[in-house]
Amino acid sequence: MTSVTSLTDQVQQRLANALSATRPEADADPLLRRSDRADFQANGILALAKKAKSNPRELATEVVGNIVTGDVIKDVEVSGPGFLNITIADRAITENLAARHADGERLGVPLKENAGITVVDYAQPNVAKEMHVGHLRSAVIGDALRGMLDFTGEKTIGRHHIGDWGTQFGMLIQYLFEHPGELAPAADVDGEQAMSNLNRVYKASRALFDADEEFKERARKRVVALQSGDKETLELWQQFVDESKVYFYSVFEKLDMEIRDEEIVGESAYNDGMPETARILEETGVAVRSEGALVVFFDEIRGKDDQPVPLIVQKADGGFGYAASDLTAIRNRVQDLHASSLLYVVDVRQSLHFKMVFETARRAGWLSDGVTAHNMGYGTVLGADGKPFKTREGETVRLEDLLDEAVQRAAEVVREKAQDLTEDEIQERAAQVGIGAVKYADLSTSPSRDYKFDLDQMVSLNGDTSVYLQYAYARIQSILRKAGETKPAAHPELELAPAERALGLHLDAFGDTVFEAAAEYAPHKLAAYLYQLASLFTTFYDKCPVIKPEPPKDVAENRLLLCDVTARTLHQGMGLLGIRTPERL
Ligand code: ARG
């Protein structure tokens with residue numbers, strides 16, 4: 001692996017040198033950014049001039065005299081009140097592309113220097129329950145964040161904090177105890193059967209629970225047995241977990257997402273540590289007893305009538321809940337997994353919960369200054385009409401139905417365009433296009449916003465969709481095939497057309513974009529970058545013939561280099577977001 005210094009960094013370096021040569025004492029930032037007027041614009045001289053009490057245009061002219069030009073920087077001009085307009089040499093653009101091309105999959109992007117460990121809490125459905133669209137968002141966003149973080153060199157550890165513990169299991173287990181054989185062994189069912197069995201048991205036990213006081217009492221006793229670790233009770237509980245996992249895995253597989261068993265560490269895993277969590281909090285005075293319960297108060301968090309809203313660590317009856325498992329999980333993630341960052345991809349409606357949990361962990365010293373904790377709270381999924389997502393009958397939409405429909409829609413689009421594809425190939429592409437469409441629609445909106453689940457829009461070939469990007473990729477592959485014996489090769493001596501320059505400079509920004517998007521937990525920034533990449537490619541391909549009319553050989557080779565680096569960047573970028581790029585569409 002040979003990493004490539006981006007053109008941006010090279011220009012930045014040259015400007016910084018020129019600034020310190022001009023005003024050694026000032027330590028000024030050139031404030032460099034991409035610009036429409038030239039390739040880059042630097043605005044930092046204005047601030048420096050103010051500080052040094054000099055005329056900005058004169059200072060700018062002085063700085064320009066100190067900028068090394070000729071290799072990377074072709075030309076610098078002073079403009080306006082004292083901006084610098086910078087033009088990059090064509091040769092530098094082509095050489096940069098050639099170096100990225102030579103580096104294979106990483107495209108010359110360096111690894112982060114001080115990589116940490118981020119524990120990503122995502123894709124956390126609940127045992128014995130149907131997954132909903134919220135769980136879909138968590139899975140898709142979490143998976144993309146992991147892809148981006150890993151690419152920067154950060155080590156990520158996944159934690160699927162599934163809801164597999166709590167009082168609701170008393171009812172379910174007691175029912176199964178009284179009706180053995182109602183759940184088929186997990187090994188014998190597929191995802192759909194597993195969920196339908198679970199649903200049946202859930203409904204039957206619920207009905208009994210609501211109608212029969214004595215059953216209710218037995219169910220309560222069952223909760224106590226579960227929490228005290230009774231062997232027979234745990235075995236029945238395990239059956240629910242196993243059956244649910246069959247279902248979860250079938251949905252994740254449909255989502256084309258790899259979930260590893262050892263990263264499924266649900267609420268129950270922290271059961272043994274919860275009494276100690278409570279003891280430490282009580283002993284250190286972080287939590288106090290209030291009406292029998294163990295709670296933590298916060299000055300600034302208040303509810304109705306200005307009453308403080310506490311975080312409940314332990315209920316008056318001695319039971320532990322959601323907060324206790326999350327607090328115990330933090331201790332594990334920081335102390336045992338050595339996390340430097342904790343990331344929770346969880347519905348924004350749980351943000352108050354996390355605020356209180358993080359603050360409690362800080363007071364207890366489990367979260368120190370060296371550890372960041374963040375709830376990437378995503379918004380709600382709405383129907384195409386902008387209303388809460390429900391079927392026409394007003395029921396919640398089953399996740400598998402939704403994914404199946406997306407794939408079906410995609411099949412129509414693929415079939416219409418497909419020229420030389422067999423029916424099997426159409427089906428395979430349809431899955432890649434349909435699932436990609438669902439993921440991309442989610443990832444291309446800022447996560448904190450609500451988003452509309454609109455299948456028509458998602459699989460549209462025009463506009464900011466994954467299909468558009470996938471077509472751009474497939475199109476380039478077809479160009480590369482058609483080029484036959486002519487292969488991509490760099491010709492740095494060639495002058496570049498504006499569309500080639502624009503594409504080349506954008507390709508250079510891939511690494512910086514991934515680093516920024518990963519650091520800000522903002523997959524939509526990578527999505528926007530890729531969309532712009534595909535648009536710039538379209539313009540380039542329009543303006544600069546690659547195959548027909550046939551350009552001179554060196555020009556063709558140089559353009560194929562642009563094509564190839566664009567394709568690889570699309571492939572890598574989409575891959576980080578969890579989206580496939582089929583070779584043919
Ligand atoms: N299972 C929870 C739900 O469905 C989400 C869990 C989020 N993660 C956590 N560490 N609390 O709402």
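**Close-up views of a predicted model**

**Figure 1. Strand 5 and strand 6 run parallel.** Strand 5 (residues 117-121) pairs with strand 6 in the parallel sense, over 5 bridges. Pairing means that DSSP finds at least two bridges between the two strands. Helices (H or I, at least four residues) and strands (E, at least two) are DSSP runs, numbered from the N terminus. V120 has its bridge partner, G158, in strand 6. This is a predicted model: local features need pLDDT of at least 70, side-chain atom pairs count only at pLDDT 80 or more, and totals for chains, interfaces and linings use all residues. Residue numbers start from 1 along each chain, as its sequence is written.

Figure 2. The 4 strands lie in the order 6-5-10-11, with parallel pairing. Strand 6 (155-159) and strand 11 (372-375) are at the edges. Each has a single partner strand, so one side of each lacks a neighbour in the sheet. Neighbouring strands are turned by 15° against each other on average, direction ignored. Axes here are lines fitted to C-alpha atoms (for helices, over the stretch in contact), and angles run from 0 to 180 degrees between N-to-C directions.

**Figure 3. Strand 10, helix 12 and strand 11 form a β-α-β unit.** Strand 10 (residues 341-344) pairs with strand 11 in the parallel sense over 4 bridges. Y344 has N375 as its bridge partner in strand 11. Helix 12 (residues 351-363) belongs to the unit, which is right-handed. Right-handed means that, with the strands pointing away from the viewer, the path from the first strand over the helix to the second runs clockwise.

**Figure 4. Side chains alternate along strand 11.** In a regular strand, side chains alternate between the two faces of the sheet. Here A373 and N375 point to one face and are buried. A residue counts as buried if 20 or more other C-beta atoms lie within 10 Å of its own, exposed if 12 or fewer, and partly exposed in between; C-beta atoms are placed from the backbone.

**Figure 5. S325 sits in helix 11 (residues 322-336).** Why is S325 classed as buried? Because 24 other C-beta atoms lie within 10 Å. S325 and N375 are 50 residues apart along the chain, and their C-alpha atoms are separated by 16 Å.

Figure 6. The 3 strands lie in the order 7-8-9, with antiparallel pairing. Strand 7 (288-290) and strand 9 (311-314) are the edge strands, and each pairs on one side only. The twist averages 50° from one strand to the next. Strand 8 (residues 293-296) pairs with strand 9 in the antiparallel sense over 3 bridges. V296 stands opposite L311 in strand 9.

**Confidence.** The chain averages a pLDDT of 95, and 100% of the residues score at least 70. pLDDT is the predictor's confidence in each residue, from 0 to 100. The complex gets an ipTM of 0.99 and a pTM of 0.95 from the predictor.
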